[in-house]
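Here are my notes on the model you sent over.

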Amino acid sequence: MTENAVLEAIKTRRSIRKYKPDMIPGEILDKIIEAGTYAATGMNRQSPVIIAVTNKEVRDRLSKLNAEIMGTDSDPFYGAPVVLIVLADKSSANYIYDGSLVMGNLMLAAHSLGIGSCWIHRAKQEFERPEGKEILKTLGIEGDYEGIGHCILGYADGEYPKAPERKKDWVYSID
C-alpha cells in the first residue's frame, strides 16, 4: 500500500537554508499562495494576508532589515529569491494560530511542488517599524496587522535534508 501524498509531504518536508538564484515560475508560485489561502482559520475569519515579494530590490531591503533586527550582516533569507510574508489581523482572537496555519500550508504546498522553503522569524518586529508600516500602506493594507513569519521559497542548492528520528516522548495516550 502506498503512502498518502499529503502524509508523505508532511513527513519529508524540511527547512532549506541554501538556495539557487533561479526564480520560481509564476504558475507554481500561484499554486503555493493559493494553498495558503485555504488554511484553516478561527471561525473562517481569514484574518491573515500574504505579501508575495519577488522584486529583488524589495527582497534585499527586507533581508537587510531582518538581519539588522537579528544582529547580523548575513542574509537571513539564505539566498531564496521569493519571500512570502504572512501577517494577520490582531482584531481576530486567533490571529497568531491562523497565520501559523497559513505558513504550514505554504511550506507543505511548496514541498509538494518541488520548491524548498523555510520559516524565517522577525516579521513581527519588521512590521512594527516604520519601514514595514510603509510597505503595508503602499499596498493599501489597513488595520492592526502583526507579522507572523516569512516563508522563503526557491530551489534547494544541495542535498535535501533527511528527517531526524522522532523523539520518544512525543505522544502520550489516554485510553
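**Notes on the helix, the cores and the cysteines**

1. Start with helix H2, residues 26-37. Its twelve residues reach 17 Å from the first C-alpha to the last, close to the 16 Å expected at 1.5 Å a residue. Bear in mind throughout that this is a predicted model.

2. Which residues of H2 are buried? They are Leu 29, Ile 32 and Gly 36. Looking down the axis of H2, you'll find these buried residues within an arc of 60 degrees, so they line one face of the helix. On the face turned away from that buried side sit Glu 27 and Asp 30, both exposed.

3. What do the buried residues of H2 pack against? Strand E1 (48-53), strand E2 (82-89), helix H4 (95-112) and strand E4 are the partners.

4. That takes us to the largest nonpolar core, which has 18 residues. Ile 32, Leu 84, Leu 106, Cys 151 and Leu 153 are the ones with the most contacts inside it. H2, E2, H4 and E4 are the elements that each give two or more residues to this core, and H4 supplies the largest share, six residues.

5. Leaving aside residues up to four places away in sequence, Leu 106 touches Ile 32, Ile 33, Gly 36, Ile 50, Leu 84, Val 86 and Cys 151. There's also a second, separate core of 17 residues, and Ile 135, Leu 136, Tyr 145 and Ile 152 are among its members.

6. Now for strand E3, residues 116-120. Four of its five residues are buried, so E3 is largely enclosed by the rest of the structure. E3 pairs with E4 (residues 145-154) in the antiparallel sense, over five bridges. If you want a landmark in that pairing, Trp 119 stands opposite Cys 151 in E4.

Note on methods:
Residues are numbered from 1 along each chain as its sequence is written. This is a predicted model: local features need pLDDT of at least 70, side-chain atom pairs count only at pLDDT 80 or more; totals for chains, interfaces and linings use all residues. Side-chain values use heavy atoms; hydrogens and water are left out. Buried means under 20% relative accessible area, exposed over 50%, partly exposed in between (1.4 Å probe, protein chains only). Two strands pair if DSSP finds at least two bridges between them. The expected span of a helix is 1.5 Å times one less than its number of residues. The arc is that of the directions from the helix axis to the C-beta atoms. Contact means heavy atoms within 4.5 Å. A nonpolar core is a set of buried Ala, Val, Leu, Ile, Met, Phe, Trp, Tyr and Cys residues joined through side-chain atoms within 4.5 Å.
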